Amino acid sequence: QVQLVESGGGLVQAGGSLRLSCAASGSISSVNAMAWYRQAPGKQRELVAIITSGGSTNYADSVKGRFTISRDNAKNTAYLQMNSLKPEDTAVYYCKAGVATTMSLRLYDYWGQGTQVTVSS
């Protein structure tokens, strides 16, 4: 079994910063791509940023230049540094990771429980 646990969300004023963490644990053989998604009330879940196991990254246009995704492969942990936050960044942020367990070589996607980010104007 694999668990993803997010942390670091909270309430921040516009222009402020937050750093989210996503730690994968359990019977892990390898972790492939890790990604951050977000879902605002009444909206569909959208991809915010993704990072491959080799460190290549990609971002949604709405966060380019403000958010930075990174990872520590030794800790099976991904981070999302969010700067210059705007009220429209308010959402529940979810972590997703492609994980191969010690029981199977197949990659399966696992999701975290989500962490709330609220940006006040």
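This is a short tour of a predicted model, from the whole chain down to two residues.

**Stop 1: the whole protein**

Show the cartoon for everything. How many helices and strands does the protein have? The count is 0 helices and 11 strands. Follow the chain from the N terminus, and the elements read β-β-β-β-β-β-β-β-β-β-β.

Now look at the overall dimensions. The C-alpha atoms fill a box of roughly 50 × 25 × 25 Å along the principal axes. The radius of gyration is 14 Å, which agrees with the value near 14 Å for a compact globule of 121 residues.

The protein exposes about 6400 Å². Carbon and sulfur atoms supply 48% of that area. Of the 121 residues, 41% are buried.

Next, colour by charge. There are 11 positive and 7 negative side chains. The centres of these two sets lie 2 Å apart.

One more view of the whole. Take the contacts between residues at least 6 apart in sequence: 56% of them join residues at least 24 apart.

**Stop 2: arginine 38**

Select arginine 38. Its strand is E4, which covers residues 28-39. Is arginine 38 buried or exposed? Its relative accessibility is 6%, so arginine 38 counts as buried; the cut-off for buried is under 20%.

Show side chains and look for polar partners. The side chain of arginine 38 makes a polar contact with the side chain of aspartate 89, at 2.9 Å. Another polar contact goes from the arginine 38 side chain to that of serine 62, at 3.4 Å.

Then select the surroundings. Leaving out residues up to four places away in sequence, arginine 38 touches a list of residues that includes Gln44, Arg45, Glu46 and Val48. Also among them are Phe67, Glu88, Ala91 and Tyr93.

**Stop 3: tyrosine 94**

Move to tyrosine 94. This residue sits in strand E9, residues 91-101. Tyrosine 94 has 15% relative accessibility and therefore counts as buried.

Which distance separates tyrosine 94 and tyrosine 37 in space? From C-alpha to C-alpha it is 5.1 Å, although the two are 57 residues apart in sequence.

Finally, display what tyrosine 94 contacts beyond its neighbours within four places in sequence. Tyr37 is on that list, and so are Ala35, Trp36 and Gln39. Trp111, Gly112, Gln113 and Gly114 are there too. Glu6 and Arg45 complete the set.

Keep Arg45 selected to link the last two stops: arginine 38 touches Arg45, and tyrosine 94 is in contact with Arg45 as well.

How values were computed: Residues are numbered from 1 along each chain as its sequence is written. This is a predicted model: local features need pLDDT of at least 70, side-chain atom pairs count only at pLDDT 80 or more; totals for chains, interfaces and linings use all residues. Side-chain values use heavy atoms; hydrogens and water are left out. Helices (H or I, at least four residues) and strands (E, at least two) are DSSP runs, numbered from the N terminus. Buried means under 20% relative accessible area, exposed over 50%, partly exposed in between (1.4 Å probe, protein chains only). A polar contact is a pair of N or O atoms within 3.5 Å; within protein, one must be able to donate a hydrogen and the other to accept it, and residues adjacent in sequence count only if both atoms are side-chain atoms. Contact means heavy atoms within 4.5 Å. The radius of gyration is taken over C-alpha atoms; the globule rule is 2.2 Å times the number of residues to the power 0.38. Accessible areas come from the Shrake-Rupley method with a 1.4 Å probe; for residues, only the protein chains shown count as cover. Lys and Arg count as positive and Asp and Glu as negative; His and the chain ends are not counted. The place of a charge is taken as NZ of Lys, CZ of Arg, CG of Asp or CD of Glu.
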